[in-house]
Amino acid sequence: MTDAMSSKSVEIHKGAPQESAWDYAPAPERTPVVIDDRYDLFINGDFQSPRSRRWFKTISPSTGEPLARIATANEADVDDAVSAAREALPGWSRLSGQERAKYLFRIARRIQERARELSVLETMDGGKPIKESRDVDIPLAARHFFYHAGWADKLRWAFAGAEAKPVGVCGQIIPWNFPLLMAAWKIAPALACGNTCVLKPAETTSLTALRLAEIFQEAGLPPGVVNIVTGAGKTGQHLAAHQGIDKLAFTGSTEVGRAIAEVAAVGDRNLTLELGGKSPHIIFADAALDQAIEGIVTGIWFNQGHVCCAGSRLFVEESIKDEVIRRLEHRMQSLRVGDPLDKNTDIGAINNPEQLKKIQAYVETGQSEGGRLHEIPNQSLPNKGYWHRPCFLTGVQPSHVIAREEVFGPVLAVMTFRTPEEALKRANNTPYGLAAGVWTDKGARIFEMAKRLEAGVIWCNTYNQFDAASPFGGIKESGFGREGGRHGLRAYVRL
Ligand code: NAP
Ligand code: MG
């Protein structure tokens with residue numbers, strides 16, 4: 001990935017400055033954040049040079065400039081991390097739940113205290129708008145540690161009548177779309193239940209996970225309880241295949257998830273998979289349209305569409321199609337794309353150049369298959385970094401690639417339906433089953449649709465609502481197992 005980044009092979013967009021009522025003065029976030037030149041692996045409570053003697057560059061996708069060099073963990077490094085987690089396991093799992101809770105509380109408090117710094121770093125490294133990292137990612141990450149601190153001494157009541165024992169050493173692999181939040185989703189429940197961890201962040205977004213390691217040090221977390229091995233997919237492969245782990249938790253693409261499931265099956269390991277999605281919105285003619293449009297807009301354009309549960313297929317009741325398209329176009333005009341550190345920005349940078357090319361290719365295919373592209377052509381984009389305008393396609397048929405495959409970008413496919421039966425059939429016509437959104441005024445219809453939609457999470461008259469107490473996860477090819485809530489704890493205990 002590093003080569004492609006340095007070669008800057010991706011199209012650079014230049015646009016005329018936009019003159020509109022929406023051109024607020026820039027409001028850049030000014031919290032200073034120190035980024036070191038080089039980051040090592042976090043093993044056994046310390047930062048250690050990798051045995052590989054290799055480091056890779058992490059860039060800021062909004063400028064294309066390098067931010068730091070990050071260690072590449074090879075097989076021997078992963079082995080060290082797993083051994084450290086194994087050694088720490090008896091001590092950590094023997095601690096009373098009450099004692100473990102104290103560490104989790106301290107970590108949560110330190111995340112809150114360092115929230116500004118973590119938000120800025122997340123935005124610099126990953127490209128997402130500061131208002132998202134500040135208002136969503138970082139507070140929710142702290143919330144996950146608080147929530148699981150609350151469970152640590154109450155596992156007896158979480159699983160009534162059974163004794164909850166830790167699973168052991170957990171290998172955890174996470175993607176780049178919610179870097180710190182995904183780390184919190186994985187680490188907090190594991191620690192609450194007395195497990196130890198080896199976490200592998202995504203290659204393009206390791207910086208906040210490494211800050212979290214500093215927070216573990218500040219909280220006095222015993223050495224080896226959490227270890228962080230950075231690197232690319234190969235590092236993930238070493239971790240997934242390591243004989244020393246008892247449980248594997250993976251969040252990422254369905255393709256890599258499949259490979260991981262095979263490896264885990266051979267090792268007979270406890271496994272949870274949170275994979276991709278092609279989530280539908282169904283909007284009925286009686287829906288509160290302003291509310292529905294806002295939900296659809298945040299559901300697909302939020303975080304540049306880099307959201308596993310992005311509502312990327314929109315099924316509109318035929319009688320309101322023109323009205324919905326008109327309103328989507330209108331709303332799209334007021335979205336600000338640009339510097340993610342600007343507090344007024346709605347849509348930030350695409351996380352990496354490969355992903356940008358992928359999104360561009362999907363939009364081209366969508367048009368060549370007969371879809372009509374709706375975007376704001378004169379919307380200005382910064383002249384360096386990786387950007388994609390929010391857009392949607394109409395004239396899409398269910399057989400089109402854009403209606404079937406996960407784009408993982410700010411691209412919405414709009415289709416229509418005439419009856420609730422047809423809406424259900426079309427919405428369920430996908431190998432994925434992560435999330436769905438239903439928009440209607442009728443309570444009975446909400447319950448009927450929610451019952452029959454094939455998805456792990458169904459939001460009604462709202463979208464993208466998350467909380468640590470609420471389980472999240474998919475069915476079908478979107479994975480299995482849940483994260484969050486009591487259901488999420490289940491994956492980290494033996495009963
Ligand atoms: P990805 O390519 O599958 O990567 C996910 C993680 O696995 C990264 O840390 C990656 O390392 C690592 N990895 C890559 N190849 C591996 C291998 N062969 N063995 C072990 N680990 C390997 O996914 P992504 O592109 O980062 O993330 C986007 C995908 O994640 C989307 O499909 C999205 O829907 C899904 N997602 C799902 C959820 C959910 O809760 N269901 C949440 C967020 C994202 P590198 O990054 O270094 O390659
Ligand atoms: Mg980066």
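This is a predicted model: local features need pLDDT of at least 70, side-chain atom pairs count only at pLDDT 80 or more; totals for chains, interfaces and linings use all residues.
Residues are numbered from 1 along each chain as its sequence is written, chains are lettered from A and ligands numbered from 1 in the order in which they are written, and side-chain values use heavy atoms, with hydrogens and water left out.

**Around Asp-40**

- You will find Asp-40 in the loop between strand E1 (38-39) and strand E2 (41-43); helices (H or I, at least four residues) and strands (E, at least two) are DSSP runs, numbered from the N terminus.
- Asp-40 is buried, with a relative accessible area of 14%, where buried means under 20%, exposed over 50% and partly exposed in between (1.4 Å probe, protein chains only).
- Leaving aside neighbours within four places in sequence, Asp-40 is in contact (heavy atoms within 4.5 Å) with residues including Phe-47, Pro-50, Ala-71 and Leu-210.

**The magnesium ion**

- Ile-59 (O), Asp-125 (O), Asp-125 (OD) and Thr-204 (O) coordinate the magnesium ion (ligand 2) at 2.3 to 2.5 Å.
- Donors here are N, O and S atoms within 2.8 Å of the metal (3.2 Å for Na, K and Ca), and sites may look incomplete because water is not among the atoms.
- Along the sequence, the donor residues of this ion follow the spacing I-x65-D-x78-T.
- Distant parts of the chain are linked here: Asp-125 belongs to helix H4 (residues 115-126), while Thr-204, 79 residues apart from it, sits in the loop between strand E8 (196-200) and helix H8 (207-218).
- Asp-125 counts as buried at 1% relative accessibility, and Thr-204 counts as buried at 6%.

- The protein chain is divided into domain 1 (31-275 + 476-494) and domain 2 (280-460), with bounds that come from an automatic or database domain assignment.
- Taken over C-alpha atoms, the centres of the two domains are 30 Å apart, and the contact takes 28 residues from domain 1 and 33 residues from domain 2.
- Between them the domains bury about 2500 Å², 57% of it on carbon and sulfur atoms; buried area is the accessible area (1.4 Å probe) that two parts lose on being put together, summed over both.
- In domain 1, Trp-176, Lys-476 and Ser-478 lose the most area to domain 2, together 23% of what that side buries.
- Across this interface the rule finds 2 salt bridges, each a side-chain nitrogen of Lys or Arg within 4 Å of a carboxyl oxygen of Asp or Glu.

**Two residues with positive phi**

- Lys-476 is not a glycine, yet has a positive phi of about 50 degrees; this residue is partly exposed, with a relative accessible area of 35%.
- Lys-476 forms a salt bridge with Glu-454, the closest N and O atoms being 2.7 Å apart.
- Gln-304, also not a glycine, has a positive phi of about 55 degrees and is buried at 0% relative accessible area.
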